[in-house]
Amino acid sequence: MTRLASILLWGGISALGAGAFGVLALSRGETLSAAWLLTAAVCTYAVAYRFYSKFLAARVFGLDDRRATPAERCNNGRDYVPTNKWVLYGHHFAAIAGAGPLVGPVLAAQFGFLPGTLWLVIGVVLGGAVQDFTILFCSLRRDGKSLGQMAKEEINHSAGITGMLAVLFIMIILLAVLALIVVNALKASPWGLFTIACTVPIALLMGWWMKRWRPGKVGEASIAGAVLLLGALVAGGWVAAQPHLASAFTHSATAITWMMVAYGFVASVLPVWMLLCPRDYLSTFLKITTILVLALAILVILPPLKMPALTPFASLGEGPVFAGKLFPFAFITIACGAISGFHSLVASGTTPKMIARESDARFIGYGGMLMESFVGVMAMIAACTLDPGVYFAMNTTPTGLAQASQVLSQAGFVVTPDIMHQLANQMGEQTLIARSGGAPSLAVGMAQIFASVSSALGGRTLTALWYHFAIMFEALFILTTIDTGTRVGRFMLQEIVGHVWPRFGETSWYPSVLASSAVIVAGWGYFLYQGVVDPLGGINSLWPLFGISNQLLAAVALCVGTTILIKMGRQRFAWVTLTPLAWLVTVTMTAGWQKVFSADPKLGFLAHAASLTGSTLPGAQRLVFNDRLNTFVALLFMTVVTVLIVTSVREWWLVLSKRKVAVVHEAPFVESAYAAGD
Amino acid sequence: MRLVTDGGSGRQKTAQGGTGWRHALRRMFGMPDYDAYLEHCRAAGHEPPSKGEYLAQFFESKGKGVRCC
């Protein structure tokens, strides 16, 4: 392409994106098409990938295709395998994309579609994709070492231990929040519970198929599993219509909590091939297919956005979905999709061991995260196509809705019991009120989009089926994260205790397996139970904790990345990681401080505890205890990360002031056979 | 230095993502691929494990992977 054509092309894309942002920013009151949102996002991604990621790859990291990657040097045919970049892109995306980019934007829609979308797009370009790319690059140059190992080697030993503890604590909160989303989606929903319950025997059957009956035939087993799953989905509608059967699958949130806890424990102690692997394959197939279909459906129908650009809750800070103002809470509510610390575990896990050429890291690390952000934008669109009144009625408790009713009616967000009843009937549910957690409202949005497409294609709308398909899709991969998360948490606990009691560290010693699984499940199970019985709906207190912890893990990753850049002598480029780091620390520390010390009982844990002191309400003492526990957890996260940041800054100062020799723990240079060609 | 990749040697095989779309799909979805592993062992001069042993090790290692939120 000639230089002029290139300038015209990229100038045109930039102008189109800027124009779309202009329309989004300046429109007030008009109904906007989702096309504007998609155009703004896609043009920004294209420009960022073309220019910024190229700058990072060439100037900041100095990716060198002459250098053999760990996949080439340590090729063992299993973990270390040079892999085509498109194949690895799919693999990496399947590992990083979970419920987070779908649920976070739905919850942040409380502020309107604009703040969340801006954060998704700008956050990913300057923060999330940079973090993923940086950690992938660092791990790639260190034989695929994990984030904790890199922190230990590049910063110091205590930083490594601190990082490992941070990951363990974050895992517990993360699993509790994800489980709460599933509980809220399945409570009093016989159709949903029946379908999800069926996934357990289906996964067991698949496990037996691919391990015992037809060893290694994972594709066959997965196709059979997917067919059975769709059968279970259709059968769920029939079950829900039979009063005697429906009652067997209609349970309270508390009962489903206990089921989840039991499931998590069993999944952690069973052999992996029996339940975890088959469920993982099933959910990966379903996840990639559904996300592609959702993207196509949105592109085909380009639904109008009913939520305004900004709602009154952006500045009032008393939103019914969760308390707190736009700053800082929009930026911790949306973690995955903009920047997620958890990605640094994947980017320093399997992916760096499979990269064939260093230059592929740009497409996989930076490009993969842009795609996750796009998923977040689609979730935002799905949530904002709902009528705002319906959105708020679904995402808060009846008490919360009553308290916010004046603001809601002033903003014109009207909802009546009849509308909610009609919608619940349409979706094949008994009620959709107080279905907080984001999953049910996303499912309603997705169902309406899919139903519009099937109707436009001349078929029946099948709204109830689509709704339960969306619930199954979300619950399935949340449960996969719970399976793998509990198991990974168990391994970490075994490793930590193994330092003082070596026998406990043996991952195959059954007493240790049972005890460590029980501790991890009890940890997230307690927070889950706390969320379920919370009169404010649970999401109000747990999602911000999850957001804070996830973003603080991102801060840990960016500290490691900055340290490595400085040690490599690239300190003039340290701003690429320092800028998102500074933003994340500001946002998360502010949010953490407000969650603990705000005088507003809806926002601050301590103020809420104080408001309940002396109360005769049933369970008041437990709520006070939970508030104090949440305070402890938030302060613990903040302290752990402060220690790590201080340790890192000290290391930077020592290296930059030449008081310490910068030792980079990179694997030695070995020339790549690929660079020379065959 | 000439190193062997999953589906043969060098740039061409890696660019194809193994030896075809089946290998590519298996790798993308993290499925076991015993044939590709046998190929690797043959080229590297290793004694390959039995299919059962390979699958057991593969699934065990998959259980240690992280799935993001």
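## Salt bridges in the model

A salt bridge is a side-chain nitrogen of Lys or Arg within 4 Å of a carboxyl oxygen of Asp or Glu. The structure discussed here is a predicted model. A search of the whole structure, over all chains, finds 19 salt bridges.

## A pair that links distant parts of chain A

Arg67(A) and Glu358(A) form one salt bridge, in which the closest N and O atoms are 3.8 Å apart. This pair links distant parts of the chain, as its members are 291 residues apart. Arg67(A) is in the loop between α2 (34–60) and α3 (70–73) of chain A, and Glu358(A) is in the loop between α16 (343–347) and α17 (360–384) of chain A.

Are these two residues buried or exposed? The cut-off for a buried residue is a relative accessible area under 20%. Arg67(A) has a relative accessibility of 12%, so Arg67(A) counts as buried. Glu358(A) is also buried, because its relative accessible area is 2%.

## Further pairs and a network

Asp64(A) forms a salt bridge with Arg66(A), and their closest N and O atoms are 3.1 Å apart. Asp64(A) is buried, with a relative accessible area of 16%, whereas Arg66(A) is exposed, with a value of 52%.

In another salt bridge, Glu153(A) pairs with Lys145(A), the closest N and O atoms being 2.9 Å apart. Both partners count as partly exposed: Glu153(A) has a relative accessibility of 27%, and Lys145(A) has one of 26%. Salt bridges that share partners also join five residues into one network, namely Arg142(A), Glu154(A), Lys567(A), Glu651(A) and Lys660(A).

Which residues of helix α2 of chain B are buried? In this helix, which spans residues 21–28, they are His23(B), Ala24(B) and Arg27(B). When α2(B) is viewed down its axis, these buried residues fall within an arc of 100 degrees, and they therefore line one face of the helix. The face turned away from this buried side carries the exposed residues Trp21(B) and Arg22(B).

The buried residues of α2(B) pack against helices of two chains: α4 (85–96) of chain A and α3 (34–44) of chain B. After α2(B) comes Gly30(B), which has a positive phi, near 70 degrees.

How values were computed. Residues numbered from 1 in each chain as written. Chains lettered and ligands numbered in written order. Predicted model: local features only at pLDDT ≥ 70, side-chain atom pairs only at ≥ 80, totals over all residues. Heavy atoms only, no water. Buried < 20%, exposed > 50% of the residue type's maximum accessible area, 1.4 Å probe, protein only. Helix = DSSP H or I, 4+ residues; strand = E, 2+ residues; numbered from the N terminus. Arc of directions from axis to C-beta. Contact = heavy atoms within 4.5 Å.
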